[in-house]
Amino acid sequence: MAKKRIENAENEIKDLIFPNKGIGEYNGIKAEIANTLPGQKIRYSLYKKKGKYQSNNFEVTEKADYEIEPDCPSFGSCGGCIYRNIPYEKELEIKKNNVLRLLKNAEIDGFEFGGICPSPDIEGYRNKMEFSFGDTGREGDLALGMRKRNSYYEVASAADCKIVCDDIRKILTSVLDFFKKTDEAFYHKMKKTGSLRHLLVRKARFTGEILVALVTTSALKNNLDPLKEILLSLDLEGEIVGFLHITNNSIADAVKADKITTLYGRDFFYEKLLGLTFKISVFSFFQTNSAGAEVLYTTAKEMAETANPKVIFDLYCGTGTIAQLMSENAKEVTGIEIVEEAVEAAKTNAALNNITNCSFIAADVLKGVDSLISSPDLIILDPPREGINPKALTKICRNFQAPTLVYISCKPTSLAHDLPVLKTYGYIPRKITCVDLFPRTPHVETVVLLSQQKHDDCVGAEQ
């Protein structure tokens with residue numbers, strides 16, 4: 001019988017699979033070891049779980065020949081970046097190869113590959129950060145930053161975080177310094193003590209507007225007016241246009257709101273993308289990399305325009321960003337989104353940009369498509385990370401038989417699952433391009449142009 005645990009295994013990582021798991025082999029036993037790199041030699045412990053060997057405890061005994069020194073003191077402990085120790089060009093190669101491997105394993109071939117588009121901003125690119133309050137260790141000092149890997153309460157400092165701009169770092173440091181001088185403590189969900197939960201900061205790259213939201217429980221004891229004055233006095237490149245206090249008494253460690261109080265300014269900010277203006281509230285979905293989003297949406301638009309579409313359905317439309325960008329040469333664009341707040345934001349933004357040929361429906365795509373009566377020339381699919389509901393995918397293909405689809409994927413494994421299903425309905429990938437929206441992390445966007453090639457024997461997959 002194979003051992004359930006093996007100590008002091010050693011080998012070289014030969015390959016990497018999405019999102020960030022290196023493949024090691026020891027005495028014929030293959031294991032997936034997260035956060036390792038091809039070419040590294042490691043020593044590790046193995047344990048068996050659900051029939052597979054894994055490891056979450058390893059030591060790098062020899063670095064890969066392409067590794068560089070990480071430039072962040074929290075690298076390795078922070079749960080954010082994983083690629084600060086390799087050149088950006090190598091990171092792009094890893095992401096591209098991960099996508100191509102998944103597509104090959106799904107038997108998706110015959111397409112033109114457009115490569116991977118780098119992010120215009122590699123550092124300081126994030127326009128939204130959710131920082132957590134916690135401590136620096138057991139009974140340690142109050143901290144504000146990113147959760148440490150495999151920890152519920154310990155926080156890695158984000159004072160030197162490289163993927164946010166200097167303005168966000170200054171705001172984080174000021175908030176932490178303020179509360180260190182008070183008797184407030186972080187919220188401990190097991191003990192149900194403390195009040196400080198999260199700090200949410202959003203900064204528009206192209207307008208410079210900043211929205212700050214402090215998330216606490218209702219047990220907060222201190223008046224926030226002094227903190228407001230400190231924040232407004234900071235020497236920033238951008239401008240704070242709103243400071244919000246969000247009360248959240250739920251047990252879940254997530255940024256939610258029982259109540260939102262505007263302590264200064266407004267509860268939204270404006271950002272611009274490709275000539276359009278977008279009004280964004282504290283919880284509105286918006287791509288976290290504004291400059292990268294312009295590359296992503298331009299790539300999708302160029303693919304879509306090969307079909308010269310007049311009637312467009314934008315399914316999983318969010319706040320309607322893509323719909324509005326596609327509307328310029330279209331007769332009508334209809335978006336469907338399950339989040340009602342996002343739909344209201346889409347309507348507001350369309351009016352803000354004087355776009356009159358876009359309409360938006362608040363509904364689950366599975367049910368919402370039943371209300372669509374037009375015959376689309378193009379369907380845009382931009383689903384959440386888990387991909388498209390199989391029943392919705394069946395209905396989309398059967399009901400409309402649109403000649404062209406553009407699929408925008410934020411998770412390659414979901415894309416590799418959905419493309420073979422689309423293929424059974426005659427949708428053949430013609431062009432696939434990756435876009436890096438999340439430098440230093442394992443995530444990557446993929447844009448796929450599909451056209452319908454009808455076959456007599458193509459009857460569709462039953463779901």
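Tyrosine 270 counts as partly exposed, because its relative accessibility is 25%. In this predicted model, the ring of tyrosine 270 pairs edge-to-face with that of phenylalanine 268, at 5.4 Å centre to centre and 80° between the planes. The structure holds five aromatic pairs and 30 salt bridges, and its largest nonpolar core has 79 residues.

**Aromatic pairs**

- Phenylalanine 268, the partner of tyrosine 270, has a relative accessibility of 16% and therefore counts as buried.
- A further edge-to-face pair joins phenylalanine 313 and phenylalanine 400, with 5.2 Å between the centres and 80° between the planes.
- Phenylalanine 313 belongs to strand β18 (residues 311–315) and phenylalanine 400 to helix α8 (residues 390–400), so this pair ties together parts that are 87 residues apart in sequence.
- Both phenylalanine 313 and phenylalanine 400 are buried.
- Phe133, Phe178 and Phe179 are linked by ring pairs into a cluster.

**Nonpolar cores**

- In soluble globular proteins, nonpolar side chains tend to be buried together.
- Within the largest nonpolar core, of 79 residues, the members that touch the most others are Ile171, Val175 and Phe179.
- Helix α2 (residues 166–180) supplies the largest share of this core, seven residues.
- A separate core of 41 residues includes Ala106, Leu393, Val444 and Val448.
- Beyond its neighbours within four places in sequence, valine 175 is in contact with Phe133, Leu144, Leu199, Leu214, Leu227 and Leu231.

**Arginine 202**

- Arginine 202 is located in strand β12 (residues 196–203).
- Arginine 202 is buried but has no salt bridge; glutamate 130, the nearest side chain of opposite charge, is 7.5 Å away.
- The arginine 202 side chain does reach backbone oxygens: that of valine 282 at 3.1 Å, and that of serine 284 at 2.8 Å.
- With neighbours within four places in sequence set aside, the contacts of arginine 202 include Asn127, Lys128, Glu209, Phe269 and Phe286.
- Also in contact with arginine 202 are Ile280, Ser281, Val282, Phe283 and Ser284, among others.

- Side chains of opposite charge can pair when their charged atoms come close.
- Glutamate 93 and lysine 90 form a salt bridge, with the closest N and O atoms 3.4 Å apart; both residues lie in helix α1 (residues 88–105), three residues apart, about one turn of the helix.
- Both partners are partly exposed: glutamate 93 has a relative accessible area of 35%, and lysine 90 is at 21% relative accessibility.
- Glutamate 91 and lysine 95 meet in a salt bridge at 2.8 Å, N to O; they too lie in helix α1, four residues apart, about one turn of the helix.
- Glutamate 91 counts as buried at 0% relative accessibility, and lysine 95 is buried with a relative accessible area of 2%.
- A network of salt bridges links Glu91 and Lys95 with Asp71, Arg84, Glu123, Asp436 and Arg440.

- Lysine 347 pairs with glutamate 344 in a salt bridge whose closest N and O atoms are 3.7 Å apart.
- Because they are three residues apart in helix α6 (residues 340–352), lysine 347 and glutamate 344 are separated by about one helical turn.
- Lysine 347 is partly exposed, with a relative accessible area of 40%, and glutamate 344 counts as partly exposed at 46% relative accessibility.

Key: Residues numbered from 1 in each chain as written. Predicted model: local features only at pLDDT ≥ 70, side-chain atom pairs only at ≥ 80, totals over all residues. Heavy atoms only, no water. Helix = DSSP H or I, 4+ residues; strand = E, 2+ residues; numbered from the N terminus. Buried < 20%, exposed > 50% of the residue type's maximum accessible area, 1.4 Å probe, protein only. Lys, Arg positive; Asp, Glu negative; His and termini not counted. Salt bridge = Lys/Arg side-chain N within 4 Å of Asp/Glu carboxyl O. Polar contact = N/O pair within 3.5 Å; in protein donor to acceptor, adjacent residues only side chain to side chain. Contact = heavy atoms within 4.5 Å. Core = buried A, V, L, I, M, F, W, Y, C linked by side-chain atoms within 4.5 Å. Phe/Tyr/Trp six-rings, centres within 6.5 Å; stacked < 30°, edge-to-face > 60°.
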